[in-house]
Amino acid sequence: MSIGSNIVVVGVTVLILIIGTQVLLTTRKQKALGYILPTLFLLFAGYNLYKSLYVYNPYPTMQEGMYMTFGLIGFGISTVTLVVCRVMGRRNR
């Protein structure tokens, strides 16, 4: 297998895990739990942003940037999944 196909497999697996977790949290009786996952992703991205701004690092790498990207993509995916689950839940009533 080449590296490109490995990245695709990992990306699809992470996408399924994020969507599955969000659907599980959103469709339960306590629907407020569905807001936890997008908040955690946003806090993760924000932490790495402020860490890179305020902590001096003489040898910068792309680690914080990758974590911020992962947090923002996770936030977007889980927010869209939350909205879709809420709309589908209201239509099924």
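Start at the largest pocket, whose lining holds seven nonpolar, three polar and no charged residues. (Nonpolar means Ala, Val, Leu, Ile, Met, Phe, Trp, Tyr, Cys or Pro; charged means Asp, Glu, Lys or Arg; the others, Gly among them, are polar.) The model is predicted: local features need pLDDT of at least 70, side-chain atom pairs count only at pLDDT 80 or more, and totals for chains, interfaces and linings use all residues. Numbering runs from 1 along each chain as its sequence is written, and side-chain values use heavy atoms, without hydrogens and water.

**Stop 1: the largest pocket**

Select G11, V14, L15, I18, M66, T69, F70, I73, G74 and I77. Together they line the largest pocket. (A pocket is an open set of points on a 1 Å grid over the protein atoms alone, where a 1.4 Å probe fits, with protein on both sides within 12 Å along at least five of seven lines; lining residues have an atom within 4 Å of a point.) The space inside comes to about 160 Å³. (That volume is filled by probe spheres set on points joined across faces, edges and corners.)

Now color by helix. Helix α1 covers residues 3–26 and α3 covers 63–91; each supplies at least two residues of this lining. (Helices are DSSP runs of H or I, at least four residues, numbered from the N terminus.) Which helix gives the most to the lining? It is α3, with six residues.

Stay on L15, a lining residue in helix α1. L15 is partly exposed, at 36% relative accessible area.

**Stop 2: the nonpolar patch**

Switch to the surface view. Select V10, V14, F44, Y67 and F70. They form a nonpolar patch with about 410 Å² of accessible area together. (Such a patch joins nonpolar side chains within 5 Å, from residues with over 30% relative accessible area and no salt bridge.) Helices α1 and α3 each supply at least two of the patch residues.

Click on Y67 in helix α3.

**Stop 3: the salt bridge**

Next, find a charged pair. The structure holds one salt bridge. Select K51 and E64, the two partners, whose closest N and O atoms are 3.9 Å apart. (The cut-off is 4 Å, from a side-chain nitrogen of Lys or Arg to a carboxyl oxygen of Asp or Glu.) K51 sits in helix α2 and E64 in helix α3, so the pair ties together parts that are 13 residues apart in sequence. Compare their surroundings. K51 is partly exposed at 32% relative accessible area. E64 is buried at 12%.

**Stop 4: helix α2**

Follow α2, residues 36–54, to P38. P38 is buried, with 6% relative accessible area.

L40 is partly exposed, at 49%. Its C-alpha lies 9.3 Å from that of G74, 34 residues away in sequence.

**Last stop: L24**

Finish in helix α1, at L24. L24 counts as exposed, at 53% relative accessibility. The C-alpha atoms of L24 and L82 are separated by 10 Å, though the residues are 58 apart along the chain.

Notes. Patch = residues over 30% accessible without salt bridge, like charges linked within 9 Å, V, L, I, M, F, W, Y side chains within 5 Å. Areas by Shrake-Rupley, 256 points an atom, 1.4 Å probe, with all protein chains shown as cover. Buried < 20%, exposed > 50% of the residue type's maximum accessible area, 1.4 Å probe, protein only.
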